[in-house]
Structures are given as structure tokens and as C-alpha cells.
Amino acid sequence: MRFWNSLKRAGLPAHIGIVIILIFAFAALFAPWLAPYGESEVVEPVPWATPEESGTVLGLDQLGRDLYTRVLYGARNTIALALGITVLAFFMGMTAGFFAAVVGRWVDHLLSRFVDIIMAFPTLFFALIALSIFGTSIPVMVFVIAILDSTRVYRISRALAMDINVMEYVEVARLRGEGLWWIMRREILPNTLTPLLAEFGLRFCFVFLFISSLSFLGIGIQPPAADWGAMVRENGVAITYGIFTPLVPAAAIAILTIAVNLVVDWFLRKTAGLREEY
Amino acid sequence: MGERLLTVRNLQIEGFADDTWKPIVNGIDLHLDRGEVLGLIGESGAGKSTIGIATMGYTRPGCRIVGGTIDFDGVPIHAQSVEQVREIRGVRISYVAQSAAASFNPAHKLIEQYTETPVQHGVLKYHKAAQNARMIYARLELPDPDNIGNRYPHQVSGGQLQRAMVAMAMSCEPDMIIFDEPTTALDVTTQIEVLAAIKDVVTQFNTAAIYITHDLAVVVQLADRIMVLRYGDLVEESGTREILENPKEQYTRELLAVRTFAKNPEDLGLGEQPLIEVNDLHAAYSGGVKVLEDINLKIDRCRTVAVVGESGSGKSTLARVITGLLPPTQGTVKYEGGELPGSYKKRSKDQLRQIQMIYQMPDVALNPRQKLREVIGRPLGFYFQLDGAERERRVKELLEMIELPGNYIDRFTPELSGGQKQRICIARALAAEPVVIICDEVTSALDQLVAEEILKLLDRLQKELNMTYLFITHDLATVKAIADEIVVMLQGRVVEHGPKEEVLTPPHHDYTELLLSSVPEMDPDWLDNLLAARVSA
């Protein structure tokens, strides 16, 4: 009820964001039913046929597959992967961050310096090395991006947990004899959840863009599976002929990113306790 | 008294909470003459601060003035634009806030902050303003008035900083100053200095003042007239002596009667062995800062031992050492004759259970994301393996014991008032079925009437459950009310220790004397008499 109320007062930008996210989620969930063709089914062997020529909604891609179908399936692959990676990154980052903050001393130093080392390398560079060493399979990609991303989550979780850790209710729990896991899970976690949720939205965007850029470089999701980043790359040449095809997956990426950010902005404003002046 | 300076009529203010605008001040009339001091008194939520700052045409974010007129020396403040009001604020009306530490900019020197207002408003040139600052610092008896302005806020003590803020409020020689609980955060001995300083400048410059506080004994020292407020309404208004001698309303009488509670001393037939024994204890914080030196202390079963001292005396550190949060560098803490491990990590679950702690700030001592079911239920599950209906029943039993309804079990802690939160902290401690409860300033963040209720509750629980208390406080009224034994601490050492009657009857140790004489009394002449006595002594 409370959540519903604050949702109602969220303001137009957040509402737009929520609607867009819901539409994308719907598309991703029901892609096989919504799509008129199969994921890699060639409709007509005419590259970049216009909607009129092929009788499809958005025309065909470079191999003559239906673009609309590919965008729907792309939503499925890209969003599902990004979500999975973000969840994994948050799980790892938060656990390590809380652990470092609560235990402190050398554990904190060790973990923090390790994270510093990883963060010292440019993310893309690190991902490129790891993916070329371990091969470009989906599990490897999930794991590599999750680890890279968890370093950022670690930083925030640790900082948030340090603030909570000095609260007297945590002291009370310690003096009661509570174990580490209980303190992390029941005292710290609930009090850091709101800012971390906002961060989750942001991180999701970054992961999602990162997958797209990896696919664009050809080491992300492998063909023939549909993926927005890969679709932009594969169809990129068409732009020189004045064909709008590559713009469709690019727009999908942009729109979802903006939508998630609109929602995150509202969330952040809510957590920070900032209100519009009355 | 001079001519009329401020007239407020039918002031109505609303605050935004839970998605709606709710009235917090309901049509207050107020007036102030030149040179007059008006005291606004009431509990938190009475609207006294809101009214005080509204006389400058200002409200805190989330509040709005919805009706009424504010006339300041012929200027209708309520109808003026922000730019116009700005001409008056700081120059003709100034404001002294509760926490000087939070109100000064830590990055600038005191004198820079003093001169900012007059220079910005074009009232004085910098050199003239700085010269005035040194004069007024001297008036307020700040040490080394010529150079103290070159210090940063963190380089002076709390009482000095508060006086520097009073000086700052005087910088443009305003017609009116609003004092918003300026001494509430200070120790009693420091409070005197600040009160004396305020009284001095107000009479010297014939400045009108609105003095906001929850402490009647403080306001009677300064105010010519007092308004008692409650829930945004006026309860009673009359001259200071009048209100003390002849209060008309029940609520005013309650405020006057506050701090009269005292427990009945009981002879408990003490056992042979003290429950807790502290021997030659030394403690230091990391970096080697010594905070406790050579502490010896005995706490007998079913007794209340009060540890008194100012901030920085090490009294809270003593609690941290006994609970094991800060292992001592030297010395021992014995419990029932056996030595307790220095760190809580090495203590057994049962040892931890028997010593419980209640904190000063119930807000930060309760997890805001937990319901009372979990707050109180967790120790039950943790220590006694209670769960399900059994645990639920016991939580409700404990709620009843602290005089809260059983259906509160589903509330989150931020949904409670300050006094209720403190009760929950007590219930959480009781859930562990402890032998000793360490109470660290448990009443100092509460309104006086609420604090008194908490003291009564603790006293009742002591009798019913044979509880032993170590009561840490800076408030001597609390000590007089509930202690059996008193330990006076100063700079990490015990200066006096003994049964209450013995410590409170002369001859005192010098420091105990200073502490005792600094507690304000409900007598308008108390401050003047005390200062006169101290000068002659």
C-alpha cells in the first residue's frame, strides 16, 4: 500500500520509465509468442529489405531475417543475461563488502586492496583478456562481467555497511553474541537495501551496455543468437546506404537505458530524502 | 519595558508528514516589547522552535505558514518578499541554535564567521566588525578575547563555541535574538557560563529575546514572561514569578513538579559478595589516549549505582569496559567473584546475557527496519530457544511490562515516539533476563515528563525483578531520584564514591560541590545568587 502510494507520487518521468520497462519485460518474456518468425529464420534472402518489400514490420537484416523478431529475441537474451550478471555481481559484491566492513582490520585491507587492483585495469581490457583466455562462452562471460562489476558494488556496500556498523543496534547485536552472518543479514542488509536497489538499477544499465559492446566487438553473445549489440555491429554497414536497420537495436538499447535511469533517479531521490520544494 | 517590538497574531503553521499537511501551530498570539525576554517552553512537538523561527518569516523545509500576521517594529514580515525579509534577518533579528558545533562552518575561523553578517549586510567594515568581535568576546568572558577569533570551531570547547555563537548573534546589535535551546546540549557547569553570558548581553544591550527551551528551571533565570505551549496551542501565559507561584493549568503544574520523583530507599540486606567488582582499571583508546585511570568500583546486587560526570569524564567508557566493548589495558572486572574476559568476544553467551545495556539515543539503538516482534523476540530465541506462539506470548508479556499495548508487536521502531522507543530498549534488555542493566544516559534525550516516566518504570522493574543498575548520567536530578550509591568521575578518575546520602550531604569534594551547585533551580534569583556567591568565594 505504502509502495503503491509512493509510486503514484513518483512523477511523470518515473512513470514513463516504469511503463517502458514493463513493455520490454513483456516483450522479453513472450518473445516466442509475439515474434512472427523464428529467431534465426531467414524470411527472404534479401539483405536489408524494407518493410514494404518484405511485408514485415521493420524490414529484414543483413541475412534476410526479420528485424522485429530479432529485436524481440534480442531483448530476451540481452536483458536476461544482464539481469543474471547484475544479481550475481551484487551477491558477490555485497557479501564481500559487508564482510569487510563488519570484520574490519586486515580482512578489510586485504579485500579492499584486491578490489583496487582489479579496478586499476580498464574493465573492457580485463574482459577482453579473460574472454580470450577462457573462450567466449556464456558462462565465462557471465562470470567475468559479474566479477568486474562486483568490485564497484563492493565499494558501495562497504561504505554503506561501515555507516550502519557503528550504530548502537549493531553493537547491541554484537553484545548479544550474534554471529557475523546474522549481523550482516539482519542488521546491515535491511538498512542498506534502498540505496543498493537504486545502484542495482544503474549497474544493470552498465552491464547491459557492456554486453552490447562486447557483442559489438564480437566476443559477447555469439551468432546466430540475437543480441542488440551484435545486431548493431552486423548491420552497421547499412547505415552508409541510408538504411535505418542498425538504428532499431541501437534505439532499443538507448530507450531501455534511459527508462531504467528514470526509475533509478526517482529511487535515488527517494532514498536521499530530497523533496521538491513546496 | 520599552515600546512594542513584535506582534504576532493568529499564527498558523502546517507541517508535511505522511502525505498530508498537518497543523503544528494553531493560531498563536505573541508579543514582545523592546528589552523584554519571553520564554517559550514545552515538550518536543509543542511547536516552540517553529514559532520562534517563524517570527523571522522563516520555516524549516516541509513546513509552511498558512495564516496570521507577523509585525516586527512596523514591518509586516508575513507580507514581505524574501529579499525584503533578508534585510531584517541577521541585522535586526538574529538566531542562536541549539548545537553550536553543527551551526559553525568548520572550515572558517570564528572571527571570519562573526564578521560575515555585518560585512555582507553592509552594516560595518571588516576591521570595525573584528574590533567589535574582540570586545564582545571579552564581555562574554571568553579566554584570550583578542586571539580566540583566530581559532577554528573545533579548537574551542563546547561552552566556548556556544558563547561565540551568542557573540555572533550580537554582531549587528539586533533588536531581537531568538535563542533556540542554546544550553540543552551542554554540561551543567558549562550551561552556567552560557546562561550568564546571555543574561549579560541581553540586559547590557537592552535586546529583546525569545528564549526557547524545554527546561523550566533554565528559562526562569532569564525570562520576564513565559508562554507554556503544548501540541501547537498556548496552555498558559504569564509573568515568570507569577507562573512559578501560581500556575493556573494542570499541565504547567506537571512541568513544575517534574524532577520531584524519588525512589523509596530500601534496606535490602546486602550479600557478602558484590555483584560486579572493578579493580585498578585502566583503559585507553587506540592511539594511547588514556581515558580511565585507576578505577575501583563495587556494585551490589539489587542496587542502583549512579556514575556522574561531565562529557569527557570517561563515564561512558567505563560502561564500554564493563560490557567488554573496550578491553582494559590494566586491571580486572569481576562478576560474581569470577573474572570476566576483557573482550566481549571471549565471553560466554550466558555471561553476555546477564549484563545488558540501554543507550542514550533510542533512535540509533533500534534497527529501523525491524518490527518489535523481532527486536524483542530475537533475544528470546537466541538465549532461550523460544519460538512460535511461545515467543509471541512472551513478547506481548514484555510489552505489557513496559506499559505498551500488545498490538504494537507489528510496528516498526520508527513508528514510535522517543519515550516509547526507550521503553522498547528496556524490553529488549529485559528479554534476556539480565542480572545487571547498564543505563547509559537513558533519559537525557527525552522530554522531562517522559524521562520521569522512564525512571519510574526502571524503578518499578528493579523492585519486581530484583534488577541491578549501573546508571551513567550527567544529570544530577536523575541521580538524586534513583541512585543508592553515587560515583563522581572527573577526567577519567573517580573523585568521590559512596552512598547517596553521604555524597549529597556536605562536606563535598570541590568538584562534587561545583556539579551540585550548577543544577538550575526553579527560582528566578538562583543564577544571580549563585554567580554572586561564586564571585565572593
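## A hairpin to start with

In β12(B), B:L297 is the bridge partner of B:V278. Strands here are DSSP runs (E, at least two residues; helices are H or I, at least four), numbered from the N terminus. Strand β11 (residues 276-285) of chain B pairs with strand β12 (residues 289-299) of chain B in the antiparallel sense, over seven bridges. To count as a pair, two strands need at least two DSSP bridges between them. Three residues sit between the strands of this hairpin, and B:G287 takes a positive phi near 100°.

Before going on, keep in mind that this is a predicted model: local features need pLDDT of at least 70, side-chain atom pairs count only at pLDDT 80 or more, and totals for chains, interfaces and linings use all residues. Residues are numbered from 1 along each chain as its sequence is written, while chains are lettered from A and ligands numbered from 1 in the order in which they are written.

## The six-stranded sheet

Now for an open sheet in chain B: six strands in the order β16-β17-β18-β13-β19-β20, with mixed pairing. β16 (355-358) and β20 (493-499) of chain B stand at the edges with a single partner strand each, so one side of each has no neighbour in the sheet. On average, neighbouring strands are turned by 15° against each other, direction ignored.

Helix α11 (residues 315-323) of chain B packs on this sheet, touching β13 (304-308), β16, β17 (436-440), β18 (468-473) and β19 of chain B. The direction of α11 makes about 150° with that of β17(B); axes are lines fitted to C-alpha atoms, for helices over the stretch in contact, and angles run from 0 to 180 degrees between N-to-C directions.

Over at β19 (residues 485-490) of chain B, six bridges join the strand to β20(B), and the two run antiparallel. B:M489 stands opposite B:V494 in β20(B).

## Where chain B touches chain A

Here, 19 residues of chain B are in contact with 14 residues of chain A (contact: C-beta atoms, placed from the backbone, within 7 Å). The elements giving two or more residues to chain B's side are α12 (349-354), α13 (362-365) and α14 (372-384) of chain B. That side has 13 nonpolar, two polar and four charged residues. Nonpolar covers Ala, Val, Leu, Ile, Met, Phe, Trp, Tyr, Cys and Pro; charged covers Asp, Glu, Lys and Arg; the others, Gly among them, are polar.

## The whole chain

Chain B has 21 helices and 20 strands. The C-alpha trace of chain B spans about 70 × 50 × 45 Å along its principal axes.

How values were computed:
Contact = placed C-beta atoms within 7 Å.
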